[in-house]
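Please look at the structure first, then read the points below.

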Amino acid sequence: MSQATAPTETPAGSRSTRSFWMFWTAETSSAIGSAVTAVAMPLAAVTLLNATPVEMGLISGAGFIAWIFFALPAGPIVQRLPLRGTLMAMDVLRGLAVLSIPVAWWLGALTVVHLMITALLLGLGNVLASVSSSTLLPTIVSPADLQARNSWLSGANSATQLGGPALGGVLVQWIGAVPTFLFDTVSYGVSALLVRLLPARRADTVDEWPPMWTLIREGWQFVVRHPAIGPLTWMITAINLICGAQLTLFPLYLVRDLHVSSGLLGLLLATEGIGALIGAALATGFSRLVGTARACVLAGAAGAVGALVLPLGSGWPAYLLFAAGNIVFAGGVAIVTVNNQTYRQLASPLDLLPRVTATVRFVSLGVVPIGSLLAGVLAGTVGTRTTLIGFGIASLGIPLILLSSRIGRLRNLPDVATTTP
């Protein structure tokens, strides 16, 4: 992948390095807390509130509803606001939302609806924070270092997925599901303090902004007309539909079908982090070896195999198969994600990047609640294991999305200099 339009101020030397690692630490801090909450939230719903499969689907899906209703406007909004201030504000919003759960519990007022509302607020914060951080990274990292830095961020996210669920399971077992949410509150506070130390990037200034719909349409048209970003977006969308189902089904499957303890549940969910960490570590080298386009196809196929394996077996072999399948699925997803994000950041003009990012995530993350709700309904009808097997079979279509496009015939994703839609 060659270099696209570079940021107007490309940071150099030690200043760039310091800024990146501060950014990396802030992102990692909030991710660790979020990974703990990802375990505590469903456990609180299942063990304290006796949530039904449909309610579990609503809680899992609520965190992603914001991507449907707010993602497209998020691009123009982020373009107009100071990136550093926006990231800090979203850390504060999410920290307060998580803090409301233990407060409500101690007041005797915690309900499934409260968890859904909290998940909605976290989703809203995640939308603006995600678009802001993805836009900020190319302004503090040179284009030549972008894929390596994305791999570092993906690796850190994978490590938090590895350690976070295990930590969350242990904390829930030791102190209970509700007090565990305080850990996430603190993590958002640490992230906000670190973001405050980053160099400020001024918001774009223009005499008069075009209508928001015009800005949204420009980002949408760039994505859907782009010969590489378009197919990659549909591939990530298919992956996230499967992930949405897994968000709902995994806690139900492990607790009610395999009867695991809270601590073992955390360890089994942490295998996703192992796979994602392996995938992030291999992404750059594997993509150079086989080509970036082929790496996405092969990683998607491997992920489908993992999704098929993880709901099989009974007793302790079922634990091993779940762990192995989760590792393979997450590793494949990580390789696709690193290539997708790096290519999008390089191929998008800087003034369009917030809107391109918002469009891609509107489409790809907007299907997560659909997968969650569909999985909850199906699990209540045909059972959790059968539903997991069905989504595993559906995942075989993931690599076919690229194979059916022009990208499927290429070794590498197209040169960014030749792919303007």
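E218 and R355 form a salt bridge through their side chains, with N and O 2.6 Å apart. The model is predicted, and a search of the whole structure finds 2 salt bridges.

**Exposure of E218 and R355**

- E218 has a relative accessible area of 36%, a value between the limits of 20% and 50%, so E218 counts as partly exposed.
- R355 has a relative accessible area of 4%, which is under 20%, so R355 counts as buried.

**The salt bridge of D91 and R94**

- D91 is joined to R94 by a salt bridge in which the closest N and O atoms are 2.9 Å apart.
- Both residues sit in helix α4 (residues 83-106), where D91 and R94 are 3 residues apart, about one turn of the helix.
- D91 and R94 are both buried.

**Packing of helices α14 and α15**

- Two packed helices are described by the distance between their axes and by the angle between those axes.
- For α14 (residues 368-382) and α15 (residues 384-394), the axes come within 7 Å and cross at roughly 135°.
- This angle makes α14 oblique to α15, because an angle must be over 145 degrees to count as roughly antiparallel, and 65 to 115 degrees to count as roughly perpendicular.
- The crossing of α14 and α15 is right-handed.
- On the α14 side, the contact is made by G371, L374, A375, L378, A379 and V382.
- On the α15 side, the contact is made by T384, T386, T387 and F391.
- Sorted by class, the contact of α14 with α15 has 6 nonpolar residues, 4 polar residues and no charged residues.

- Is S372 buried or exposed? The relative accessible area of S372 is 0%, which is under 20%, so S372 is buried.
- Which residues is S372 in contact with, leaving aside its neighbours within four places in sequence? The contacts of S372 are G57, S60, G61, G244, A245, L247 and T248.

Definitions and conventions. Residues are numbered from 1 along each chain as its sequence is written. This is a predicted model: local features need pLDDT of at least 70, side-chain atom pairs count only at pLDDT 80 or more; totals for chains, interfaces and linings use all residues. Side-chain values use heavy atoms; hydrogens and water are left out. Helices (H or I, at least four residues) and strands (E, at least two) are DSSP runs, numbered from the N terminus. Buried means under 20% relative accessible area, exposed over 50%, partly exposed in between (1.4 Å probe, protein chains only). Contact means heavy atoms within 4.5 Å. Axes are lines fitted to C-alpha atoms, for helices over the stretch in contact, and angles run from 0 to 180 degrees between N-to-C directions. Angles under 35 degrees count as roughly parallel, over 145 as roughly antiparallel, 65 to 115 as roughly perpendicular and the rest as oblique. A crossing is left-handed if the near helix is turned anticlockwise from the far one by less than a right angle, and right-handed if clockwise. Ala, Val, Leu, Ile, Met, Phe, Trp, Tyr, Cys and Pro count as nonpolar, Asp, Glu, Lys and Arg as charged, and the others, Gly among them, as polar. A salt bridge is a side-chain nitrogen of Lys or Arg within 4 Å of a carboxyl oxygen of Asp or Glu.
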